[in-house]
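Please look over the sequence and the model first, and then follow the sections below.

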Amino acid sequence: KAPEPLRKHVTDEKEEGLSAVVVGGTGATGQYLVYHLLKSPKWKKVTAFGRRELDISKMQKDLNIKKEDEISEEQASKLTQHSIDMTKIADEQKLFEKHDVTFCVLGTTRSTAGTAQNFKKIDFDMVRDIATVSKNASFVLYRFFFLGGSIY
């Protein structure tokens with residue numbers, strides 16, 4: 001017999017499907033996550049926040065997706081995108097409501113950020129603000145993904 005999931009309320013499929021917020025979906029990890037959320041029948045709604053919108057065709061090319069594995073129009077229709085000022089994400093709480101999970105794949109490297117202060121603003125302050133907004137929007141689950149090489 002399979003072990004019981006630790007978070008049954010999260011892992012059990014809801015009849016109508018799950019909904020996710022993805023913050024940082026235009027990065028390498030974020031694109032991979034968005035692709036798989038859209039392909040999965042378990043997810044009915046995916047809302048992506050970023051500085052710019054995600055181009056699905058470019059994403060699939062960047063991920064080397066085979067023609068037969070490309071996202072269909074129906075799958076793409078599950079995606080809603082919001083280009084926002086990431087330093088003011090706390091002002092966007094209304095857009096976070098009515099979702100089950102937040103996936104935070106926001107991050108940078110010290111060299112890309114330019115300064116230690118900018119790096120901290122992205123990798124600490126914004127991530128903290130996203131967690132706070134998710135909590136205030138009554139999310140069931142918050143997931144933060146980070147790449148080991150991005151630590152300062």
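## Basis and overall make-up

A residue is called buried when its relative accessible area is under 20%, exposed when that area is over 50%, and partly exposed in between, with a 1.4 Å probe and protein chains only. By this rule, buried residues make up 39% of the 152 residues in the chain. The model is predicted, so that local features need pLDDT of at least 70 and side-chain atom pairs count only at pLDDT 80 or more, while totals for chains, interfaces and linings use all residues. Residues are numbered from 1 along each chain as its sequence is written, and side-chain values use heavy atoms, leaving out hydrogens and water.

The chain holds seven helices and five strands, where helices (H or I, at least four residues) and strands (E, at least two) are DSSP runs numbered from the N terminus. Read from the N terminus, the elements follow the order α-β-α-β-α-α-β-α-β-α-α-β.

## Two nonpolar cores

A nonpolar core is a set of buried Ala, Val, Leu, Ile, Met, Phe, Trp, Tyr and Cys residues joined through side-chain atoms within 4.5 Å. The largest such core has 20 residues, and those with the most contacts inside it are Val22, Leu37, Leu38, Trp43, Met59 and Phe103. At least two residues of this core come from each of β1 (18–23), α2 (28–39), β2 (43–50), α3 (56–62) and β4 (101–104), and α2 gives the most, with five residues.

Leaving aside neighbours within four places in sequence, leucine 37 is in contact (heavy atoms within 4.5 Å) with Ala20, Val22, Trp43, Val46, Lys78 and Phe103. A second, separate core of 14 residues includes Phe49, Met86, Phe96 and Val127.

## Strand β4

Strand β4 is covered on both faces, with Val101 and Phe103 buried on one side and Thr102 and Cys104 buried on the other. Strands count as paired if DSSP finds at least two bridges between them, and β1 and β4 pair in the parallel sense over four bridges. Within β4, cysteine 104 is the bridge partner of valine 23.

## Helix α7

Helix α7 (residues 116–136) has 21 residues and reaches 29 Å from its first C-alpha to its last, close to the expected 30 Å, a span taken as 1.5 Å times one less than the number of residues. Its buried residues are Phe119, Asp125, Met126, Val127, Ile130, Val133 and Ser134. After α7 comes serine 138, whose phi is positive, near 65 degrees.
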